[in-house]
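Dear colleague,

I am passing on the structure below, and after it you will find notes on the surroundings of its ligands. Please read them with the structure open.

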Amino acid sequence: MSYDLIVIGSGPGGYVCAIRAAQLGLKTAVVEKEKTFGGTCLNIGCIPSKALLHASELFEEAAHAFPKMGIKVGKPELDLAMMLKFKDEGVAGNVNGVAFLLKKNKVDTFQGTGKILGAGKVEVTTADGKTKTLLESSNIVVATGSDVTRLKGIDIDEKRIISSTGALSLEKVPQKMLVVGAGVIGLELGSVWRRLGAEVQVVEFLDRILPGMDSEVARQFQRILEKQGMTFKLGSKVTAVDKSGKRLKAQVEPAAGGAAETIEADVVLVAIGRVPYTEGLGLKEAGVALDNRNRINVDHHFASTVPGIYAIGDVIAGPMLAHKAEDEGVAVAEILAGQAGHVNYDVIPSVIYTYPEVASVGKSEDDLKAAGIAYNTGKFPFTANGRAKVNMQTEGFVKILADARTDRVLGVHIVGPDAGNMIAEAAVAMEFGGSAEDIARTCHAHPTLTEAIKEAALAVGKRAIHI
Ligand code: FAD
Ligand code: NAI
């Protein structure tokens with residue numbers, strides 16, 4: 001079975017790469033070890049978590065915001081089984097969509113675990129181990145994604161001690177959930193279960209939440225989450241969890257060491273990051289070099305150290321985001337087809353889908369200070385945005401960071417309603433090398449939340465109108 005390209009893994013990196021390659025005329029095969037296509041993102045990541053975030057946000061809104069708008073629905077009642085079914089149906093719709101797209105683009109699919117037997121050869125073994133198929137191609141793209149980082153000595157059973165995967169399918173709302181790690185997963189899935197009635201406490205190793213995020217944004221966001229009832233124990237680590245009793249007993253120590261305390265909880269969610277997934281791929285035997293964090297080393301063309309073997313997505317360096325994996329999938333397919341595929345890593349938006357949402361693109365103030373780059377800041381709060389006011393959604397702000405010399409936009413950070421959709425405008429402006437003045441002079445529809453972006457851009461030049 002001979003192909004122009006074999007892609008191992010059908011997540012956002014792999015399936016998008018395969019479709020783009022097929023569009024460009026390459027005879028392409030995808031190998032996927034799970035029963036459904038779509039990878040972490042569609043099956044146990046982006047899609048199910050957003051379904052639960054959406055449903056739980058409406059649940060909370062129905063209880064607290066509806067009465068203020070004159071909508072009487074009584075006290076909303078949770079039907080958790082139905083909510084999980086709604087989530088599962090959303091996942092099914094999406095994974096079936098990927099299967100349809102692969103078929104439509106005439107990509108051959110193989111279900112089984114792919115193993116590289118040296119450059120040009122991939123062996124696919126079915127889950128029962130009974131059938132082995134040999135595929136050949138001069139180009140192999142590894143898009144095998146990532147897996148949960150485990151905490152030493154703490155066994156994840158996905159019932160009481162859970163990873164993000166278990167947190168998407170809890171059959172009962174825990175009375176108390178202890179979240180280990182104040183990163184994206186901890187805050188998103190912590191928010192889901194808090195909204196559904198759990199007491200949620202987050203233990204974070206560092207002295208701040210969301211490392212890497214603009215620190216002003218992270219501080220304000222923490223205050224908002226605290227107002228919602230989430231509590232934080234920063235500068236602390238969980239060292240052990242005793243599951244012998246009815247309730248779990250977590251040992252929590254100061255990060256720097258010191259006396260431990262015991263925190264009881266019904267469920268412990270371990271969300272301390274993800275690691276590249278390279279198990280059983282035969283990379284080492286094939287001579288593919290990994291870095292010190294087990295990621296596949298690639299050059300600017302996504303080529304590994306072995307000719308003909310490429311890698312994209314969570315299994316290589318960079319933010320572990322679906323859209324970053326997708327863009328790399330497109331770029332490597334175009335490179336293999338002789339075109340100039342490229343990813344602009346300076347303009348990769350990132351969004352936390354809590355309420356309010358947090359979205360950013362480009363540099364943070366911390367980055368600019370560390371690099372010694374002079375910048376101007378324009379900030380605009382949603383309290384001064386007409387639409388946010390009338391919607392009673394006034395928490396948060398937009399912050400634009402522009403080069404002090406050229407006015408070019410270097411970073412945009414939004415805490416606020418619908419921030420995830422709004423950040424696209426900033427990304428487009430930055431992709432085109434736009435200035436704060438370009439955004440400020442672009443007519444924005446009224447009344448929309450996006451006017452806060454225009455006002456923040458005006459504020460860079462100290463001429464915001466509505467504040
Ligand atoms: P994956 O999606 O992990 O896909 C890899 C695939 O390869 C898997 O299907 C796996 O089964 C398969 N595979 C592995 N080894 C083999 C093998 N040897 N043979 C055959 N197949 C193999 N990102 C966002 O941008 N937005 C979000 O809202 C978001 N939410 C998330 C929520 C959660 C709870 C989690 C866990 C992650 C979330 N992410 C989100 C991150 C996102 O899921 C990943 O960045 C993205 O899935 C990476 O895509 P990928 O193609 O590199 O790998
Ligand atoms: P993360 O890297 O975002 O956060 C992990 C947090 O755990 C960090 O704050 C870290 O300091 C802390 N931590 C590490 N070890 C610890 C310990 N022993 N005790 C206490 N705290 C500890 O990782 P997370 O949240 O697991 O997410 C994994 C990846 O999935 C992220 O890289 C993210 O990009 C992606 N993702 C993206 C989403 C989105 O785009 N909306 C949603 C969910 C996940």
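Which helix gives the most to the shell around ligand 1? It is H2, with four residues, helices and strands here being DSSP runs (H or I, at least four residues, for helices; E, at least two, for strands), numbered from the N terminus.

Please keep in mind that this is a predicted model, in which local features need pLDDT of at least 70 and side-chain atom pairs count only at pLDDT 80 or more, while totals for chains, interfaces and linings use all residues. Residues are numbered from 1 along each chain as its sequence is written, chains are lettered from A and ligands numbered from 1 in the order in which they are written, and side-chain values use heavy atoms, with hydrogens and water left out.

Ligand 1

There are 39 residues around ligand 1, and Glu 32, Thr 40, Lys 50, Gly 114 and Ala 322 come nearest; a residue is counted if one of its heavy atoms lies within 4 Å. Among the elements that each supply at least two residues of this shell are helix H1 (12-23), strand S3 (28-32) and helix H9 (322-336). By class the shell divides into 15 nonpolar, 18 polar and six charged residues, where Ala, Val, Leu, Ile, Met, Phe, Trp, Tyr, Cys and Pro count as nonpolar, Asp, Glu, Lys and Arg as charged, and the others, Gly among them, as polar.

Polar contacts (pairs of N or O atoms within 3.5 Å) include one from a polar side-chain atom of Lys 50 to an oxygen atom of ligand 1, at 2.7 Å, and another from a polar side-chain atom of Asp 314 to an oxygen atom of the ligand, at 2.9 Å. The protein buries 94% of the 1000 Å² that ligand 1 exposes when taken alone, with accessible areas from the Shrake-Rupley method and a 1.4 Å probe.

Ligand 2

Around ligand 2 there are 23 residues, of which Ile 185, Glu 188, Glu 204, Gly 273 and Val 351 come nearest. Helix H6 (residues 184-195) gives the most to this shell, with three residues, and a backbone N or O atom of Ile 185 lies 2.9 Å from an oxygen atom of ligand 2. The protein covers 78% of the 850 Å² of accessible area that ligand 2 has on its own.

Ligand 2 lies between domain 1 (2-148 + 275-336) and domain 2 (161-272), because both give residues to its shell; the domain bounds come from an automatic or database domain assignment.

With best wishes

Key. Polar contact = N/O pair within 3.5 Å; in protein donor to acceptor, adjacent residues only side chain to side chain.
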